[in-house]
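Work through these exercises with the structure open beside you. Try each task before reading its solution.

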Amino acid sequence: MTDHKNALYAAFKAKDARFDGRFFVGISSTGIYCRPVCRAKQPKPENCTFYHTAAEAEQAGYRPCLLCRPELAPGSSITDATANLVYRAARMLEENCGSGLSLDELAARLGCTDRHLRRVFAAEYQVSPVQYLQTCRLLLAKNLLTDTELPVLEVAMAAGFGSLRRFNDLFKKQYQLSPTVLRKRASEKKRHNGGVTLALGYRPPYPWEDMLNFLAGRTIAGIDKVQNGEYMRTVRLATAEKKDVYGWVRVGHLPKKNALTVTLSEALLPVLPQVLARVRHLFDLYCDPNAVYETLQGMNDIRPGLCVLGTRLPGCFDAFEMAVRAVLGQQITVKAASTLAARMVDAYGTPIQTGIEGLTHIFPSPEDILALSGPIEHELGRLGVIAARAKTIDELARAIAQGEIDVNLPARPEEEMKKLMTIRGIGSWTAQYIAMRAMEWPDAFLETDAGVKKALQPHTSKELLKMAEAWRPWRSYATVSLWNSL
């Protein structure tokens, strides 16, 4: 074997969780492909072929291992792809695998031609976007068949297959067994409180308590809460037919399996891929903690313990909700911002029945804000929001509703930040904060932030900005590390 293959085989033999999701192993003697953490009997080196993605392994004719379950592997982080374009295309395919998003539509959202997208995607992942999408659907279906009691028809629809017959045919062709046979082999089936539970993997270490503490400090009454070591919230998402569906989601932790559990109401099955994608984003499950730490460990020369291996960047579930919170939080405390957001929810949110105490509303959408009858400064002013900030929220809602600004995984976050700053009342701090939490931008740095300045006092903002150059492209993680150090 070459040195590269020797290194990959060594990682596979060591069952090193740091490489989980970074590559997959096709085993010629069994015809299956595994994650590098698989605990099955170690195959001989000459029987192993290594692939960048599960899609590439499946296109080579391998079936997913029933023991290590490749569908649970964490996804690729933003720097794993040579092109940001390819990374974001893959993420959009995962999130929209149930919506019927066409390649033309995907390319248009990314600002390129479908021909260019096919070319760079194949160069990076060795498969076409359509083949990648097919694997996303098959692995999601496999996850549902293994971990839930959903009827096979519902599994097919939730995973984005147009018909049961098409799903059965493709499943048998790829995996050499039918969906019903796979279900019989599954040892566990889970359904809790009218919900469906799945698992999403991550690369350890994972600071679950830190993430919960961060989110707990920013919950909005009626929308989300942290209780008994779990995070839960209300959800409104649109189907491929533009029909809104409502429900709830609850996220817990399985540290022994390096995974989070995601339980969602069955009403959300038509938008399941979107729910899972947003949970991955919220809890930063794509992160490669070793890659981040390799760059940021120099922070510990400033003060020991300033950067901790495994630090994650808290994302968001609803980008508009988070952006409004960011505007409300300007020059006031986090708690005060939560109070104002809760008043907005109570006045203009959509009531919802969840059966979970404290989860009672959906956060107002941009369209809900624009539909308010009176002047925005009056409508929000009676809730305690100052006129200038109310006008900023109104302008932000208009720009997002009209598609002028994209805060949901845009192709070029830096351009969207510039657009945000054209809105009166949104400066660099707010734009950077929205980018790091809503756009998954890993290189934002808030040099004027009070917490950042306190963690690195007595340095000036100008000195902090210069210092942070050494932390590129992970300055968002550096910002979170500084907050955590307080």
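**Exercise 1. Find the element that gives most to the lining of the largest pocket, then describe that pocket.**

Step 1. The largest share of the lining, 4 residues, comes from H11. Helices (H or I, at least four residues) and strands (E, at least two) are DSSP runs, numbered from the N terminus. The model is predicted: local features need pLDDT of at least 70, side-chain atom pairs count only at pLDDT 80 or more, and totals for chains, interfaces and linings use all residues. Residues are numbered from 1 along each chain as its sequence is written, and side-chain values use heavy atoms, with hydrogens and water left out.

Step 2. At least two lining residues each come from helix H3 (84-95), helix H4 (103-110), strand E8 (230-238), helix H11 (272-282), H13, helix H15 (366-370) and H17.

Step 3. State the volume. The largest pocket has about 1,400 Å³. On a 1 Å grid over the protein atoms alone, a pocket is an open set of points with protein on both sides within 12 Å along at least five of seven lines; a cavity is a set where a 1.4 Å probe fits but cannot get out; lining residues have an atom within 4 Å of a point. Points are joined across faces, edges and corners, and a volume is the space filled by probe spheres set on them.

Step 4. Locate the centre. Of the 40 lining residues of the largest pocket, Leu237, Ala238, Gln274, Arg278 and Asn408 are the closest to its centre.

Step 5. Sort the lining by class. The largest pocket is lined by 19 nonpolar, 9 polar and 12 charged residues. Here Ala, Val, Leu, Ile, Met, Phe, Trp, Tyr, Cys and Pro count as nonpolar, Asp, Glu, Lys and Arg as charged, and the others, Gly among them, as polar.

**Exercise 2. Describe how H3 packs on H11.**

Step 1. Take the geometry. The axes of H3 and H11 are 7 Å apart, at an angle of about 135°. Axes are lines fitted to C-alpha atoms, for helices over the stretch in contact, and angles run from 0 to 180 degrees between N-to-C directions.

Step 2. Classify the angle. H3 is therefore oblique to H11. Angles under 35 degrees count as roughly parallel, over 145 as roughly antiparallel, 65 to 115 as roughly perpendicular and the rest as oblique.

Step 3. List the contact (heavy atoms within 4.5 Å). Arg91, Glu94 and Glu95 of H3 meet Pro273, Gln274, Ala277, Arg278 and His281 of H11. The classes are 2 nonpolar, 2 polar and 4 charged.

**Exercise 3. Which residues lie closest to the centre of the largest cavity?**

Step 1. There are 7 cavities of 30 Å³ or more. The largest cavity holds about 480 Å³ of space.

Step 2. Glu94, Tyr132, Cys136, Leu139 and Arg280 are the closest to its centre, out of 25 lining residues.

Step 3. H6 gives the most to this lining, with 6 residues. Helix H2 (54-59), helix H6 (129-147) and H11 each supply at least two. The lining has 15 nonpolar, 7 polar and 3 charged residues.

**Exercise 4. Check the backbone at Pro205, Pro458 and Lys242.**

Step 1. Pro204 and Pro205 are joined by a cis peptide bond, omega about 0°. Pro205 sits in the loop between strand E6 (195-201) and helix H10 (208-216).

Step 2. Gln457 and Pro458 are joined by a cis peptide bond, with omega about 10°.

Step 3. Lys242 is not a glycine, yet has a positive phi of about 65°.
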